[in-house]
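Please have the sequence and the structure open while reading.

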Amino acid sequence: MRLFSIFICGLLLTLYNCGGEVQIGDPNPAPQIVEPIALVVTNDGGFKVASFAWIDLGTRQPFVTEEVLSTSSGDILARVHNQTVYFLHRCDNVITIIDFDNIAEPTQWSYPKTGSCAPDLVDLVFTSGGKAYASYFASSPQESLAIIDLETGDRTGFIDLSSVVDPKDTDGRPEADQMSVVGNKLFLTLQELDISDLPKPVRPGKIVVIDTLSDTIETVIELQGMNPFNELIYDSTTDRIYVSEVGVWGVLDGGIEIINPDTLESEGFWVTEEDLGGDLTDFAVVSSSKGYALIQDMNLNTKVVPFSDSAAQAPILEVRSGEGNYLSVIELNSLGELYVGDRSVRHAGVWVINTVDDTFLTDEPIDVGLLPVDIVFVEP
Amino acid sequence: MAADLGEIRRDVEERPVEKAAEENAGFVTVIEVEEATERVETVPDLLAESVGVQIHRTSAFGGFSTLSIRGSASNQVAIYLDGVLLNPSHIGIVNLTALPLESLDRIEVYRGFSPVYLGSSAIGGVVNLVTREPKPGDLSNGLANGLANQLGLTYGSFETLEVNAVRSKANLAWQYLVGAHHTQSQGDFSFLDDNGTLFTTEDDQEVMRDNNDFGDWGITLKGGYDIARERKMTILNDTFYRDEGVPGNGFGGSFESTRLRTFRNITHLLWEERGLGDTPLDLKGGAYYLFYNERFLDREGEIAFVPQETDNRIQSIGGNLLFHSPIGEHQEGYLFLEFRQEAFKPFDEFATPQAGPESSRHSGVVAAQEDLYLFRDRLTLSPAIRYEPLRSDFDSADSKTEDFIIPYIGAKFRWIEGLDLRGNIGRYFRVPTFIELFGNSGAILGNDQLRPEEGINRDVGFRWDRPWGPFDSFAFEYAYFENDIEDLIAFIQNSQQTLIAINIGSADLQGHELSLLWGLWNLFKFSLNYTRQEAVNTSSSFLSGNRLPGRAQDEFYFHAEAKFRYVKPFYEFNFIGSNYLDEGNLVLLKRRFIHNMGITFYPKIRELSMTAEVKNVNDEQIADVLGFPLPGRSYYGTAQYKF
């Protein structure tokens, strides 16, 4: 009995004194980055925890950091400005900043939340004057577009979008989404959805044009297509803005529309979903006549489809949706390489495609640890 | 007359059709409930004390809780109330706090092998909640007419209030029990909110848990009638209603107005008969009706931007027959037949159309078990086999029919008096839920090609149960378990806007369970249990080799009490080892050390007890295995009066 009591006491004391702190994984020590890289935001399949990895553009060797960006929501996007990466925690309304000259000490800015995933921070763009704009999908018109001081992270104000909300809009929200800065103009897409009964577009989308010097609305461009979702890309070579519009999911009514940033007018569709054979979920611009589209066909299979002018070619990469296969993102780097995020559960990673001849530069997807969500390129 | 009453009641109750739980070949924990009602306890609190069981909580006392047995998922554990399956077919999980404690006699936890008469198989094990039988002297001070009453009142931290009352009477050939309870709590404890920022503490702040209140009401009615010497009829009706806030995980802000309201009613009619037609054949049959209504209110669109107000209804009817007979001197046989029909009717106020497509499931069980007693009854072999056909229908358009054959066998060898060696092996299934098979007509797509999860479960160990040395009671049990599960089902995003359930992989669960109970001088009681488990993802995916999230590798529980004439101090310690929050094994939740203590007074007023207790004495700021914040130190007082 005595020995047994001693054993129990010893066990208890040992356990009590061996308490530990919270461990957020055990991040791998990051090497100094000297080459251009592709930074890949990753998360687990349940969108609960997010991390990131990067791929050396020269060697295509990955480095998986195991750094945890969030433990509450893995829905995170990335943006780059001056060799600094800004991670947008969509649901947490947090921005994490990692300067690649000082990776070990990230900075974080947090802002008030208004719901589980609201106000839903969806984009961040930068001006040359130390200012950034943040757009929110699920916010009131008065607070859908914030101005951020890049030195402090403070939101110094909002640009009121009430005047551009359609009077017929049932939910009263503009559903602000993607942005692009061209010169002294900010271009912001409004999805124009009725989210009271599953998000669906009810009228053509809009682009709000804002003067970044005075932070006032200049004009509104009425788009020909509905639901400008996912990308607003300015290509300096063609001096055009390209807008991806998915329309109604499951209906081939969207496409890539071209906007002239000088005339502030739509020049119509470059290529349509009907040309491409599926819902448009992402795209990349190679030149004024060539691009790549990431589409989701009517069976939810996802494909990378090259197109020239309005003519789509055969897909160069396709995954079947059964068994959780899904391509999430495509991005084009300055070397003319197309990076494709593959969230297929059994072969997740990043594919690299040479856009000169549409050949694969990797035999299999580059392993980035978890499932890829977003890709950006950083050039120190 | 009194002697005749006793004889009638003894025939029906002292020779039940089913075996006592501990007599089965499997590893089972039986939790006696009566003394637990002297303190502030819930069903998950009692289950947490059982070896091999881990409770997943989203909140403080009374919050939504599910359980895992031997590393299983919550929807792999079958929960029964007097043999009526509570797991709803649309999601497969049961909120343990929506179960009545004051009306229970005991809780049986089958960790592996479960007897054939507990309906369908379950990969993760079975929990059977058994309601009280009104008996002469139940809750009583020995009154000859068998009348007993119990009143209980608890008040404590976070404005927690619980009142319960039980009345039980056994008279002539009939008995009844009425139990009622109400529990409420604000659940407004403080915790550290990191605002979703892991790299800075500048925005961290102590906040109060908001919208974490709940209130529930329950009433249990049970009546029995001894029709004849060997024949008894029992009717049970259990009604439960709960209204609770849904705060979310709280980090960066809580949901302020989202609510969940649940209502459940079970009506169960039972018939028991011994010696059918002057044969040794015993029969126990029952029929039940279960109605379950779940209303989820999120009018502000806090969770998914879109306002939701769902009003889902589930109706289940079923019946079963259990035949039992000795076969010669060294065998007993059981034959179990069951039929069950369940219908799920979704409704969403804000959807078009509001009434969603209905799902239904028809299932049956034909099961047989034989207990062979060999070598002078020292060895018991219990081979069993189940055949389970079922058909799932969706909106009268889609249908899936399948059947399963489930063999298993248990063995128990009495080495010496008080020492049993046990071992079991069997094959088990978990059928996909409605939402996994048919989706939700929204972002979740259906997948009628889903295969059921399948497991091979095996365990081996021993149990010693015999006073020993200075210990007036002594029980020691050890078990090693190993479960291989294939075709695990998980929801995976398969497009920009949809999820789908797929058979993603496999898992290996193995571990050791150790439990020890001993009593000293009829004064001190101690219990201790330790579970060490490894739950590993073995699928061919990016998660291969990772530990399953939410499964702590180590869990230790210790309880000590000393019952003097007028006072009973007690102490509990619970250690829950670290566990990963995520499938990717990047976030490790810290180990938790929880100390509870208290004292019960028995003043010289008949059967009055008064308990004061402190939970989480060292005020640990802890989170549950899912990452939800749990309260720090809390105080409760309970008074209970039996008369």
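## Backbone exceptions in chain A

A:N93 is a buried residue, since 26 other C-beta atoms lie within 10 Å and 20 or more are enough for that class. In this predicted model, A:N93 sits in the loop between β6 (84-89) and β7 (94-99) of chain A, and its phi is positive, about 55 degrees, although the residue is not a glycine. Most residues other than glycine have a negative phi, and most peptide bonds are trans.

A:D239 likewise has a positive phi of about 55 degrees without being a glycine, and its place is the loop between β19 (228-235) and β20 (240-245) of chain A. Is A:D239 buried or exposed? It counts as exposed, because it has 12 C-beta neighbours inside 10 Å and the exposed class takes in residues with 12 or fewer. A further exception concerns the peptide bond from A:A118 to A:P119, which is cis with omega near 15 degrees; A:P119 belongs to the loop between β8 (107-110) and β9 (121-126) of chain A.

## Overall form of chain A

Chain A contains two helices and 32 strands. Its radius of gyration is 23 Å, close to the 21 Å that the globule rule gives for 380 residues, so the chain is as compact as a globular protein of that length.

Of the 380 residues in chain A, 48% are buried. Among the contacts in chain A with a separation of 6 or more, 43% come from residues 24 or more positions apart.

## Strand β24 of chain A and its partners

Strand β24 (residues 290-296) of chain A is mostly covered, with six of its seven residues buried. On one hand it pairs with strand β23 (residues 279-285) of chain A, the two running antiparallel and being joined by six bridges; A:A284 has A:Y292 in β24(A) as its bridge partner. β23(A) and β24(A) form a hairpin in which four residues lie between the strands.

On the other hand, β24(A) pairs with strand β25 (residues 302-308) of chain A in the antiparallel sense, over seven bridges, and the bridge partner of A:K290 in β25(A) is A:S308. These strands, β24(A) and β25(A), also form a hairpin, here with five residues between them, and A:L300 in the turn has a positive phi of about 70 degrees.

## Two buried positions

A:M179 lies in strand β13 (residues 176-182) of chain A and is buried, with 25 other C-beta atoms within 10 Å. Leaving aside residues up to four places away in sequence, A:M179 touches A:D123, A:V125, A:Y133, A:S135, A:L186, A:F187, A:L188 and A:L232. The C-alpha atom of A:M179 is separated by 9.8 Å from that of A:V209, which is 30 residues away along the chain.

In chain B, B:S114 is found in the loop between β6 (104-110) and β7 (125-131), and it too is buried, with 30 other C-beta atoms within 10 Å. Apart from residues up to four places away in sequence, B:S114 touches B:G26, B:G125 and B:V126. From B:S114 to B:E230 there are 116 residues in sequence and 27 Å in space, taken from C-alpha to C-alpha.

## The contact between the chains

How many residues of chain B are in contact with chain A? There are 53 of them, and they meet 52 residues of chain A. The elements giving two or more residues to this side of chain B are β25 (471-493), β26 (499-520), β29 (567-576) and β31 (587-589) of chain B, and β31(B) gives the most, with three residues. By class, the side of chain B that touches chain A has 25 nonpolar, 22 polar and six charged residues.

## Confidence

For the complex, the predictor gives an ipTM of 0.85 and a pTM of 0.88. Chain B has a mean pLDDT of 87, and 94% of its residues reach 70 or more.

Two stretches of chain B call for care. Over residues 1-13 of chain B, pLDDT stays under 50, and the model has 14 contacts beyond four places in sequence for them; over residues 137-144 of chain B, pLDDT also stays under 50, with 18 such contacts. Where pLDDT is low, the predicted coordinates should not be read in detail.

Note on methods
Residues numbered from 1 in each chain as written. Chains lettered and ligands numbered in written order. Predicted model: local features only at pLDDT ≥ 70, side-chain atom pairs only at ≥ 80, totals over all residues. Rg over C-alpha atoms; globule rule 2.2 N^0.38 Å. Contact = placed C-beta atoms within 7 Å. pLDDT = per-residue confidence, 0-100. Nonpolar A, V, L, I, M, F, W, Y, C, P; charged D, E, K, R; others polar. Pairing = 2+ DSSP bridges.
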